[in-house]
2 protein chains.
Amino acid sequence: MQELKDRIKNDGQVIGTSILKVDSFLNHQIDPEFIMRMGREFAQRFSAEGVTKVLTVEASGIAVAMAAALALKVPVVFAKKKPALTQQGALYSAEVYSFTRQESVHITVEKQYLSSQDVVLIIDDFLAHGEALCGLACIVKQAGARLAGAGIVIEKRFQGGAEKLREDGIRIESLAAIEYMEPGIIKFAE
Amino acid sequence: MQELKDRIKNDGQVIGTSILKVDSFLNHQIDPEFIMRMGREFAQRFSAEGVTKVLTVEASGIAVAMAAALALKVPVVFAKKKPALTQQGALYSAEVYSFTRQESVHITVEKQYLSSQDVVLIIDDFLAHGEALCGLACIVKQAGARLAGAGIVIEKRFQGGAEKLREDGIRIESLAAIEYMEPGIIKFAE
């Protein structure tokens, strides 16, 4: 998606060789119209899959997931990172290590919101080592649902997560895939 | 908003006399079309205020905030509950006690995303004791921005937060306000 690549080039900030900060339109401030265009792009790419639910994990994935779900006319379910007092039902769960936060979190989805009848599109903002996507795919498997694939806004290809998961047979569609980066340089995959 | 009251009556689950679970359309599963109607309702109620930014806090507020921002054609900024490795800039911050999670969190907004030029509409899913809204209003004040008011999906009026904040001069628009509840009974304010 050329618009996204341009925004990353113009507004993105590379820290070291592994952290890309896109807080101006995705991770802290959100550009709603742009997010809606991304959502429509995901919906189009997965239009033949008969998706019944969009699955993401709080918090940065929610806006894009909602945009994709609007275009697909299906609900979003967002996995929670921390149980609230209101969570009482039976849960699907997976352990996810966050390299950004350097800690493990236990993500959960209440069983009533995902079933074996569902065809699930996972949406997330970033794919780096693949931990979050792996955890979400694991939850889809626990539900006995069919995984249509994953729509990722920014794939950091050099961190290897996408390759591993594609080898496992997961269809991954990224709107922008980065092969290499360092401060001042971002090289996108073709 | 009658549609919301009906959904709360039909799908909401009251736990004790203070917790309302609306996970089927707002807090865990999201009904995107319904969320968009809520967003348009907020945009309409605050249409005369010249809002330049919608402010919320991760995670459950993001979807409704995005819907309101889309209708108002302005960006969303969501306050973070935990600093990420990517947060390096100068921050506005406030301490917020969550009764649902029974812990204090430190919410932050990077200074570059909120300025004294902004007119801010705060959006959140719930208003109970008013802790989150108070923290967000505090951040707006730190930025020197003008607070247009707060759009709240569900106000739990019996918990007193809204009354206190209205006395402080904050305009609060709730789509549904609950005066009393217990399992099987939800009494809305007129």
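1. Arg146(A) is partly exposed, with a relative accessible area of 42%, and Glu49(A), at 21%, is also partly exposed (buried is under 20% relative accessible area, exposed over 50%, partly exposed in between, with a 1.4 Å probe and protein chains only). Arg146(A) and Glu49(A) form a salt bridge, with their closest N and O atoms 3.4 Å apart; the term stands for a side-chain nitrogen of Lys or Arg within 4 Å of a carboxyl oxygen of Asp or Glu.

2. A word on the ground rules: this is a predicted model, where local features need pLDDT of at least 70 and side-chain atom pairs count only at pLDDT 80 or more, while totals for chains, interfaces and linings use all residues. Residues are numbered from 1 along each chain as its sequence is written, chains are lettered from A and ligands numbered from 1 in the order in which they are written, and side-chain values use heavy atoms, leaving out hydrogens and water.

3. One network, joined by shared partners, takes in Glu41(A), Arg45(A), Glu49(A), Arg146(A), Arg171(A) and Glu173(A).

4. Another salt bridge within chain A brings together the side chains of Arg166(A) and Glu155(A), 3.0 Å from N to O. Arg166(A) sits in helix H6 (residues 161–167) and Glu155(A) in strand E9, 11 residues apart; helices (H or I, at least four residues) and strands (E, at least two) are DSSP runs, numbered from the N terminus. Arg166(A) is partly exposed at 31%, whereas Glu155(A) is buried at 0%.

5. Now to the interface, which is worth a look in your viewer. Chain B puts 50 residues in contact with 50 residues of chain A (heavy atoms within 4.5 Å). The buried area is about 4200 Å², with 61% from carbon and sulfur atoms; this is the accessible area (1.4 Å probe) that two parts lose on being put together, summed over both.

6. Four salt bridges cross between chain B and chain A. One of them pairs Glu103(B) with Lys82(A) at 2.6 Å, N to O. Lys21(B) and Glu110(A) also meet in a salt bridge, at 3.0 Å. Lys21(B) lies in strand E2 of chain B and Glu110(A) in strand E7 (residues 103–110) of chain A, so the pair joins two chains. Lys21(B) is buried at 5%, and Glu110(A) is buried at 1%.
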